[in-house]
Amino acid sequence: MPKAQDLMITEVSSRLGAAAASQFSDDTPAEIGWHMAYLADSIAAGTPGPLCGYTQWAQRWLSSQGMPDTLLRQGYEALSAAIGNHLPEHAAREASSILQEARRLL
């Protein structure tokens, strides 16, 4: 799976960079890596809890910095598309379901 993860990070970072390059930094791939790590934790746990917890924390942190959660929203949207492009159907369904739960919190 590391190859799929690398491909997804590259795809998501490219999508975000194309959307609004001024909003994204060199840290964007690392941030997407965190999204994916919490998604993987959620899949392993069989619950959206880890990704949802991270989502709520990230949203609070962004707010405390006076920043909108736009980057988080756009990252999840791009990750949702990448999941379908790089994971087998059964894995993509599970990952998409968990990501959908996290996106409802935004």
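**Reading a surface patch, a core and an aromatic pair**

A nonpolar surface patch of about 320 Å² is made by Trp57, Trp61 and Met67.

Me: What should I know about the model and its numbering before I read further?

Reply: This is a predicted model, in which local features need pLDDT of at least 70 and side-chain atom pairs count only at pLDDT 80 or more, while totals for chains, interfaces and linings use all residues. Residues are numbered from 1 along each chain as its sequence is written, and side-chain values use heavy atoms, with hydrogens and water left out.

Me: Is Trp61 buried, partly exposed or exposed?

Reply: Buried means under 20% relative accessible area, exposed over 50%, and partly exposed in between (1.4 Å probe, protein chains only); Trp61, at 40%, is therefore partly exposed.

Me: Which residues have the most contacts inside the largest nonpolar core?

Reply: In soluble globular proteins, nonpolar side chains tend to be buried together. A nonpolar core is a set of buried Ala, Val, Leu, Ile, Met, Phe, Trp, Tyr and Cys residues joined through side-chain atoms within 4.5 Å. The largest one here has 26 residues, and Leu51, Tyr76 and Ile83 have the most contacts inside it; its largest share, six residues, comes from α4.

Me: What does His35 touch?

Reply: With contact meaning heavy atoms within 4.5 Å, His35 touches Leu51, Tyr54, Leu72, Tyr76 and Leu79, not counting residues up to four places away in sequence. His35 lies in helix α2 and is buried, with a relative accessible area of 4%.

Me: How many aromatic pairs are there?

Reply: Rings of Phe, Tyr and Trp (its six-membered ring) pair if their centres lie within 6.5 Å; planes under 30 degrees apart count as stacked, over 60 as edge-to-face and the rest as tilted. The count comes to three aromatic pairs. The rings of Tyr38 and Tyr54 have centres 4.6 Å apart and planes at 15°, so this pair is stacked.

How values were computed: Patches are made of residues with over 30% relative accessible area and no salt bridge: like charges are joined within 9 Å, nonpolar side chains (Val, Leu, Ile, Met, Phe, Trp, Tyr) within 5 Å. Accessible areas come from the Shrake-Rupley method with a 1.4 Å probe; for residues, only the protein chains shown count as cover. A salt bridge is a side-chain nitrogen of Lys or Arg within 4 Å of a carboxyl oxygen of Asp or Glu. Helices (H or I, at least four residues) and strands (E, at least two) are DSSP runs, numbered from the N terminus.
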